[in-house]
Amino acid sequence: MKVLILGATGFIGSALLDRLASDGHKVTGLGRNVTRARLKRPEAQWLAANLAHMRDAGDWRPLIESHDVIVNCAGALQDGLADDVAATQETAMLALYAAAKASPVRIVQISAPRGSAGSDSAFLATKFRADEALAASGIPHVILRPTLVLGRNAHGGTALLRALAALPFVTPLVHAEARVETVALSDVAEAVSAAVAGLIPEGSDFVLGHGEPPMLAELVSLHRQWLGLPAARTISLPPALAAPVGLLADIAGRLGWRSPLRSTALSVMAGGVSAKDGARAKVPLLSARQSLSANPSGVQDLWFARLYLLKPAMIVGLSLFWLLSGLIPLFDLDAARQHFLRFLGDGPATTLTLATCIADIALGIAVLVRPWARRALVGMIGLTVTYLASATLVEPELWADPLGPLVKVLPSLLLTLATLAVLDER
């Protein structure tokens, strides 16, 4: 069959694409940025599109006419620079259903469990309204509601679990006793495979999750063991501490960074991740321990876990470094332009000093905005090399200065290279 996967570049979507392709289906993946996906899976067809812009039935008809099944695993946790929750999860889906009513296409919807905390959030509310509209549409469909998905790779909440598990000495947790129900990504892929093949009755709506959820502290401990780290003591933090963390993560979300610590995720975690309502899949599912054991960790997983929480600190640190390097000279412009007065006149020296200050400030701001971050980091590297080369030619004695103004630039250059290396999120 011809299968279209919405959100095919994501954590779940990419696994579903591999599984359905191995089942012999002709698979097309749709995502906002499919450049790397095309390189990784050239055998699949790829479409670049933003669901938030597909708000009319006409946007969907060409896709519906050329496919037998549409698997929707796209979503957005919270509004931000790169995400529009309502448009992606509800408006676009309603347009899809309107276009699909007159066609034989089947829809497999990957949704979320009902009855957990945070149900009034835009993330869950829009998903549930779209589910209800699909159920009432008369379109052949299956709705699957996976709990927290564990797989070989990690993104969002699963990435955060690994990062918390890799913290040294102790594990600080908010809501340490909350129950977290999990499901293996392989079990989700198996269910979707069956739904696409028509082995699940039309109109089915059920939860995918192991029925014995561990506490959050136990789940983090399992991940720590999986990473090959010694046991660490869990420190339970008061829930009030989650609010400022969520606020900072929400601000980062407005700048395009999709942190799993945003307020929506924290509100869901406050009551645990557990399906309290709805029918359950009547098949054996892997537990969290079995899910992890099925995918042994390697050193790359340990590196990822240790770097995950360092990454935002690296970006903020570089931003402050460049902002301060551009702002401080403005408080004593005459002293700052002395370096340029050695080979330039008064006016050009002042102009060049101001230009470098503005460039430093611009890079310090740009690196905080996710769509600009890569170019900002490349600009930092280029400007740093230019500064070092120019200073070496004009004032080589600065290399021997006791305060090390040039030597101290080298660690910032290495930090920039390291940040650029870990910038990608998928």
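Me: Partly exposed means a relative accessible area between two limits: buried is under 20%, and exposed is over 50%. This model is predicted. Why is Glu132 called partly exposed?

Reply: Glu132 has a relative accessible area of 44%.

Me: Is Arg114 buried or partly exposed, and how do you know?

Reply: Arg114 has a relative accessible area of 26%. Buried needs under 20%, so Arg114 is partly exposed.

Me: What makes Glu90 and Arg129 a salt bridge?

Reply: The distance from N to O is 3.0 Å. That is within 4 Å, so the pair passes. Glu90 belongs to helix α4 (residues 85–100) and Arg129 to helix α5 (residues 122–137), 39 residues apart.

Me: Which labels do Glu90 and Arg129 get, and why?

Reply: Glu90 has 16% relative accessibility, which is under 20%, so Glu90 counts as buried. Arg129 has 40%, so Arg129 is partly exposed.

Me: How do you know that Asp424 and Arg36 form a salt bridge?

Reply: Their closest N and O atoms are 2.9 Å apart. The limit is 4 Å, so the pair qualifies. The link joins distant parts of the chain: Asp424 is in the segment after α18 (409–421), Arg36 is in helix α2 (residues 35–40), and 388 residues separate them. Asp424 has 34% relative accessibility and is partly exposed. Arg36, with 45%, is partly exposed too.

Me: How many salt bridges does the whole structure hold, and which residues are linked in a network of them?

Reply: A search finds 18 salt bridges. Arg19, Asp23 and Glu190 are linked in a network.

Me: Why is Val188 called buried?

Reply: Val188 has a relative accessible area of 0%. Buried means under 20%, so Val188 is buried. Val188 lies in helix α7 (residues 185–196).

Me: Which residues is Val188 in contact with, leaving aside its neighbours within four places in sequence?

Reply: They are Ile12, Leu16, Pro146, Val149, Val183 and Leu208. Contact means heavy atoms within 4.5 Å. Pro168 is 20 residues from Val188 along the chain, and their C-alpha atoms are separated by 33 Å.

Me: How much space lies in the second largest pocket, and which element gives the largest share of its lining?

Reply: The pocket holds about 1,200 Å³. Of its 32 lining residues, the closest to the centre are His339, Phe340, Asp360, Tyr387 and Leu406. Elements giving two or more residues include α14 (333–336), α15 (338–341) and α16 (346–366). The largest share comes from α17, with seven residues.

Conventions:
Residues are numbered from 1 along each chain as its sequence is written. This is a predicted model: local features need pLDDT of at least 70, side-chain atom pairs count only at pLDDT 80 or more; totals for chains, interfaces and linings use all residues. Side-chain values use heavy atoms; hydrogens and water are left out. Helices (H or I, at least four residues) and strands (E, at least two) are DSSP runs, numbered from the N terminus. Buried means under 20% relative accessible area, exposed over 50%, partly exposed in between (1.4 Å probe, protein chains only). On a 1 Å grid over the protein atoms alone, a cavity is a set of points where a 1.4 Å probe fits but cannot get out, and a pocket is an open set with protein on both sides within 12 Å along at least five of seven lines; lining residues have an atom within 4 Å of a point. Grid points are joined across faces, edges and corners, and a volume is the space filled by probe spheres set on the points. A salt bridge is a side-chain nitrogen of Lys or Arg within 4 Å of a carboxyl oxygen of Asp or Glu.
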